[in-house]
Amino acid sequence: MQNKGIVKLFAFLFVAVSVYQLSFTYIANKVENDAAAFVGEVANADELEKKYLDSVGGESVIAGITYDYAKKRVLNKGLDLKGGVNVTLQISTKDILRGLANNSKNPVFNQALAKADKMQTNSDDTYLELFFTAFDDVNANGGTPTPLASTDIFANKSLDGTVSATMTNKEVQSILERKLDESIESAFEVIRKRIDKFGVTQPNIQREGKSARILVELPGAKDVERVKKLLSGTAQLEFYETHTFSEAAQYLIAVNSKLKEELAAKNVTTDTKEEEASADDLLGAENDSIKKANEPNPLFDVMQLNPYGFQGQNVRQLAFAKVGDTAKINGFLNGTKNLRTGVIKNAKYRWGILFSARDKAGFGIAEDDINKYVPLYALKSDREGAPAMLGDVLTDARQQYTQVGDAAVGLSMNSLGAKQWEELTGNVAKQGNAIAIVLDDVVYSAPGASQAISGGQTEISGSFTLNEAKDLANVLRAGKLPASADIIASAEVGPSLGQDAIDSGQMSFMLALLMVFVWMIFYYGKAGLYANIALALNILLIFGILAGLGAVLTLPGIAGIILTIGMSVDANVLIFERIKEELALGKSQAEAIKDGFSNALSSILDANVTTLLTAIILFIFGTGPIQGFATTLIIGIMTSLFTAIFITRLLVDWSASKGAVLPFSTGATKNIMKNMAIDFLGKRKLMYIISGVIVLASLASLFTNGLNEGIDFVGGRTFQVKFDKNVNTTEVSEKLTKVLGSVGVKTYGGDDQLKISTKYKIAEKGLAVDAEIKELLYKQLKSMLPAGMTFEQFKKGENGQGIVSTMKVGPTIADDIKKDSLLAVFGSLIVVFLYILMRFKWWQFSLGAVAAVFHDVIIVLGIFSLTKGLDLGFTMEIDQAFIAAILTVIGYSLNDTVVVFDRIREYFNNHEDWPYAKTVNQALNSTLSRTLNTSITTLIVLGTIFILGSESIRGFIFALIIGVIVGTYSSLFIATPVMFDTVGNKELKRDKKEEEETEEEVVAA
């Protein structure tokens, strides 16, 4: 092999980078394990672990790398491995249009909206496109047409300067498309800010293309209800006057005193940690009057009053606290509202954004702690909770620069807003307080005013970076166009279920890897050992690349890696089998190795490219965990090519250069499948009949029995419920049918775990329905649950009992998933047909490959149809995971077929005097060892996952096992015979007599 030095250099660099990327995961896990060991098993372990991690986050762990730095670069775990929440939000285009039209009462506009609502249920077009069509239809059926640029629709004051009354409908449509996109981007920024405020590590937030849907995944989130409320609430921009320090601080002192009294009454002491006590010193001497040394101060142990307020200075920030303590403080404040009297009776206490470096001097916060603290503000309000101004008066928010060049955000208001702003700033100038600019209950800025400001123009300035100013401008625009965010799909996985998935995934991974290692050494001896080294390096590279890309590792992703293990040996098998053939021709070991690698390269590339194409299509059309599967498969294919072609070659060449003899077999395997002489073509008619019967039976079942479509395709809710004893599915079904109507109840893994499916009120929106169904489940199943289990424990799946996982898919997104799945399957077939046509030139090769794929897919579908209704202990539903399995089967089947076709092409070019039937049979026999070897290793891996893996992917793996078996069969008895029957007598123009004579022969290998 040429350029060995370059290959060694790249191999070293790839390994070094992978180890470096994975070191962050090791460091973060080490510190988190230390935190868990330090805290132990106590009721508030999560809270204490978080405090521990906050306290050591900036300390060096290894080579100057801190926990905080490493945590941002770890290999992310998905929802199914860590537990948490996955939500798909639909931002209401209808609400945005209403906002743009200033809630117009125009009958044509409102009729068009109503008609678009109806059209949406049976259309793939966007809501905006349907609105345009409906608007034209309503106009066509009425009298004088009403334009979109009508003054009582879109040519209004809010869009003054953007839409004019002289514009055509097409011009207005273009503006509306742009405004809609801006609004959805604004909503995305609001949601991202909300998630950041929520404090979940490694969230995944994506906008689905240019649609109005936003995907949010929060691994590790445990308070599901809070997450849903946080995500589905409407963004709201508000302006408040602030209370002065003297007005608001006395209430906080009273709260602390009240809490101290309650603690004394209960004879409870607060165990205050050293790091909290040291933070008390930030108060300075001014606070000696409100706290005594060594006495518990429930509020002021976690929050510090602004020291400058005690000096009589006019401060805007009332107090400050660590982000992790804000939830606890909110609980204190919400429980003591009765202590608010006088001018602060209706006050709102709200947190601001994180402190910046410029704030540290004012509060004495250490440099390393700057990004851990947030300020508290006291906002003036009335008994209705109303602000001084609402954000709907804004016409624009934009990033700009101050006079000294700092990044800032400029605000523009309409005429009503300008008047209100002038009045508000005038009041603040007189009173000496500030104006709090609040979005979603977070204070972004609190500027003062020296005089009344007219013109409706203002600026928010602070310690902003350019990107922060841009983000804030986007967030503020969200207040301009309030739009509801409906949860149209969601999934919840409890932490105990996620840990079970990790444990089963690790066990199946290690056992599958061990079995493949043993098999390769058993079959190929020392050469198998070299292949195993390359495989181990391959796995290291896969995990390193995943970590470096910031990809999310999911349970299907682990399945993709394990499947890669089974399939990655294929390249080595192709090479080793080819080297054995070269040795059989009498070549020296060095020549055989050189020619073996060279001659196998074409088959390796063709086989892997076809699988890669299907994986890419799966990545494009899949979502969530399925994309995780596709990602690991794509990375695995690329790294497998590198390790098999280059690393294995380095090791084999190194061994040969030392004079070692490499037979590429062992005593037990050297004569296996040697000199095979099976007449595959002679048996093709029998195989056509057998396959025809199976395919017809499958089609008959599909048309009569159908498929068990999962909620991905039909919509609905599923709940995975764990009990402490075995339960009867019939009894559970009868109980739930009384309150939920039609339900599906099946065992899931064991008889103590059920998967319950229902379409009850699936078309209704809002969180109330989710809560209602969970309460109905609890009431009906209460007698079967552990004694004393409360509803709160049941819905949170505490201690691994109750609801451990839920999933919801609305009807609209279900239709889209079904459409994308069909596009993925047929798209992959078209792409592969074209690729094979390009590589092999003859359309008959493509026809044979596609016929085999159709054969495989129909049989897999048929088996799932025939088993519909049977309780096998794992899901047999047709869902996104099943589509992923089908596409993987397509890739695997094509992998096998392409290897055979590649050998046929080679034999055809090298043996022009052979009859075509002999060429085909010889190619099939010569690749039989590789075909069966690869299938066996893949089935070993899949069987291991099926037996030891998580229940959630068992149906997916079952489909793959069936697909591998059928795919191996079809590559031998369907793809090649179909190609032969369409090519043999036409393209090659062989005479009928020669064909008949040749087909009667049993070809010698």
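This is a predicted model: local features need pLDDT of at least 70, side-chain atom pairs count only at pLDDT 80 or more; totals for chains, interfaces and linings use all residues.
Helix α23 spans residues 729-740. Its 12 residues extend 15 Å from the first C-alpha to the last, close to the 16 Å expected at 1.5 Å a residue. Within α23, V732, L736 and L740 are buried. Viewed down the helix axis, the buried residues of α23 fall within an arc of 40°, so they line one face of the helix. E734 and K738, on the other side of α23, are exposed. The N-terminal end of α23 is capped by N728, with a side-chain oxygen 2.9 Å from the backbone nitrogen of T730. After α23 comes G741, which has a positive phi, near 75°.

The structure contains 22 salt bridges. One of them joins D653 to R649, with the closest N and O atoms 3.0 Å apart. Both residues belong to helix α20 (residues 625-657), where D653 and R649 are 4 residues apart, about one turn of the helix. D653 counts as buried at 13% relative accessibility, and R649 counts as buried at 12%.

A salt bridge also forms between the side chains of R684 and D981 (2.9 Å, N to O). R684 lies in helix α21 and D981 in helix α31, so this pair ties together parts that are 297 residues apart in sequence. R684 is buried, at 7% relative accessibility, whereas D981 is partly exposed, at 31%.

In helix α28 (residues 880-910), R905 and D902 are 3 residues apart, about one helical turn. Their side chains meet in a salt bridge of 2.6 Å, N to O. R905 is partly exposed, with a relative accessible area of 22%, and D902 is buried at 5% relative accessibility. Salt bridges with shared partners also join R578, E581, E582, K587, D595, R903 and E906 into one network.

Notes
Residues are numbered from 1 along each chain as its sequence is written. Side-chain values use heavy atoms; hydrogens and water are left out. Helices (H or I, at least four residues) and strands (E, at least two) are DSSP runs, numbered from the N terminus. The expected span of a helix is 1.5 Å times one less than its number of residues. Buried means under 20% relative accessible area, exposed over 50%, partly exposed in between (1.4 Å probe, protein chains only). The arc is that of the directions from the helix axis to the C-beta atoms. A polar contact is a pair of N or O atoms within 3.5 Å; within protein, one must be able to donate a hydrogen and the other to accept it, and residues adjacent in sequence count only if both atoms are side-chain atoms. A salt bridge is a side-chain nitrogen of Lys or Arg within 4 Å of a carboxyl oxygen of Asp or Glu.
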